[in-house]
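Welcome! Open your viewer, switch to a cartoon view, and follow along one selection at a time.

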Amino acid sequence: MKKPFIAGNWKMFKTIDEAKNLVQTIKAGIGKLHDCQIVICPPYTALCEISKLLQDSHLELGAQNMHPETEGAFTGEISPLMLKDVKCRYVILGHSERRQYFGESNAFINEKIKTALKYSLIPIICVGETLAQREARTQFEIVKQQMDESLKDISKDEMMRTVIAYEPVWAIGTGQTATPEQAEQMQSYIRRLLNEMYGKEVAGRIPILYGGSVKPDNIALLIQKPNIDGALVGGASLKGENFVQIIMNAQSQIEAGLQS
Ligand code: PEP
């Protein structure tokens with residue numbers, strides 16, 4: 001049975017107290033549900049406190065970004081060792097907001113992925129086209145280039161420890177979700193690329209998430225598609241009730257699919 005993988009990206013929101021309240025709401029809301037893989041990615045300032053709160057739960061901790069060096073004169077950056085220090089297991093890399101506002105290239109993202117893997121952090125690698133690229137019908141080319149360049153020299157074994165998130169930039173924070181068919185079309189393409197690059201076994205094991213305006217009322221149709229293994233959720237992960245409802249709806253849809 002597919003185990004839904006739902007990650008929440010809190011972006012630059014939440015003070016420490018707000019973050020702690022949000023985690024308590026999520027923990028209470030999901031109760032003993034263990035059939036879902038759930039990752040939360042708070043801002044850096046809250047990582048340490050949230051890490052303590054997650055010790056008795058199966059929720060996992062992720063960061064939203066990371067520098068490829070382990071230490072050095074990189075003012076304002078955070079290193080993989082620091083993330084390990086607060087017990088992060090995951091790190092989001094290549095998010096479109098990093099690409100767009102901080103000029104991150106595929107080559108730089110590739111360096112980060114390699115370091116994350118070296119220090120046993122699981123990268124959630126984001127790819128996706130802009131609206132202009134989709135309108136120019138270059139979305140497949142763009143995603144292929146992002147995959148080729150950001151996964152350069154990553155071995156099969158390393159690739160087994162990654163997660164891919166397809167996030168069309170035009171759907172992020174806009175309320176305009178990709179249709180389940182649009183998402184599935186790209187995600188089956190990504191699965192094919194992984195197959196060509198790493199073979200069937202690896203391609204079949206890597207979770208491919210969809211991200212872009214996921215909400216409680218659209219997750220069910222998305223998750224029922226064969227190549228949508230879960231979701232990377234931004235805005236809707238900032239409200240505990242919404243995030244919990246997304247998890248519950250994903251889980252129920254998978255159980256319903258099994259019975260039908
Ligand atoms: C994101 O930031 O990764 C994201 C998908 O945001 P939203 O859900 O708000 O579109």
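Two strands count as paired if DSSP finds at least two bridges between them. Helices (H or I, at least four residues) and strands (E, at least two) are DSSP runs, numbered from the N terminus. This is a predicted model, in which local features need pLDDT of at least 70 and side-chain atom pairs count only at pLDDT 80 or more, while totals for chains, interfaces and linings use all residues. Residues are numbered from 1 along each chain as its sequence is written, and side-chain values use heavy atoms, with hydrogens and water left out.

**Stop one: the strands.** Select strand β5 (residues 122–127) together with β6; the two pair in the parallel sense over 4 bridges. Here Ile125 stands opposite Ile164 in β6. Look for Tyr166, which faces Tyr210 in β7 as its opposite residue.

Is β6 covered on one face or on both? Show the side chains of residues 163–166: Val163 and Ala165 on one side, and Ile164 and Tyr166 on the other, are all buried, and both faces are covered. Buried means under 20% relative accessible area, exposed over 50%, and partly exposed in between (1.4 Å probe, protein chains only).

**Stop two: a pair of rings.** The structure holds 3 aromatic pairs. Rings of Phe, Tyr and Trp (its six-membered ring) pair if their centres lie within 6.5 Å; planes under 30 degrees apart count as stacked, over 60 as edge-to-face and the rest as tilted. Select Phe140 and Tyr189: their ring centres are 5.1 Å apart and their planes stand at 80°, so this pair is edge-to-face. Because Phe140 belongs to helix α7 (residues 139–150) and Tyr189 to helix α9 (residues 180–198), the pair ties together parts that are 49 residues apart in sequence. Phe140 is partly exposed, at 26% relative accessible area, whereas Tyr189 counts as buried at 15%.

**Stop three: a buried leucine.** Next, select Leu83 in helix α3 (residues 80–85). Its relative accessible area is 0%, so Leu83 is buried. What is Leu83 in contact with, leaving aside neighbours within four places in sequence? The partners are Leu47, Ala63, Asn65, Met66, Ile78, Cys88, Val91 and Leu121, where contact means heavy atoms within 4.5 Å. Finally, draw a line from Leu83 to Gly62: they are 21 residues apart in sequence and 8.4 Å apart in space, C-alpha to C-alpha.
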